[in-house]
Amino acid sequence: MIRGVITGLAVVISGLLLTSGCGGDGTEPIPTATGPSGGIPAPPADRVAFGHISSLRRQDVGWVLRFDPAWFLSGETANVAAGEDRVVTPGEPVPNDNYVVDESDRLYTYLVADDAEVVLLTRSGDQVGGTEIDVAELEKILAGTSTLAMFEPIGTGVWIRYRIATVSRVVQQYRP
């Protein structure tokens, strides 16, 4: 009996050590979750997707984003996919170690929180960096009415962080 309790505690402690904190290298831990019964795996609460914003509008329900997801591939995955798509000679590396695959133009609808964090690539003189803006300014950028000095067009793609259907973060991807 005591041996079973000790073994059970060891399993719990091992699980906590594997799923807690960052690895010290700046990476986030892999999110884990369980279903309602506690033992059935469930998807992480927050999800991240790469893609392109088609539109952003203020409506009765708040901000509504239309988003076209794509695969942002790197490394060997990018090389093989680009070779299969005949973008590069099979076996050759892709430029800048990245390749985007957009398999459809289907748009998905998300709500965007009023206080969502939005970070875009901007230029100030010779300096390039991320600038945090509000959702209303992002709408202006998409409409072409913003005066913000963008480093590259928003069409290079963005990462969204969302929970169920509500976006809490939008970050522009640098594409050399």
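In the predicted model, Phe-50, Phe-72 and Trp-159 form one aromatic cluster, where rings of Phe, Tyr and Trp (its six-membered ring) pair if their centres lie within 6.5 Å, and planes under 30 degrees apart count as stacked, over 60 as edge-to-face and the rest as tilted. Across the whole structure, the search finds 6 aromatic pairs. One of them joins Phe-50 to Phe-72 in a tilted arrangement, with 5.0 Å centre to centre and 55° between the planes. Because Phe-50 belongs to strand E1 and Phe-72 to strand E2, this pair ties together parts that are 22 residues apart in sequence; strands (E, at least two residues) and helices (H or I, at least four) are DSSP runs numbered from the N terminus. Both Phe-50 and Phe-72 are buried, that is, under 20% relative accessible area, with exposed being over 50% and partly exposed in between (1.4 Å probe, protein chains only).

Residues are numbered from 1 along each chain as its sequence is written. Because this is a predicted model, local features need pLDDT of at least 70 and side-chain atom pairs count only at pLDDT 80 or more, while totals for chains, interfaces and linings use all residues, and side-chain values use heavy atoms, with hydrogens and water left out.
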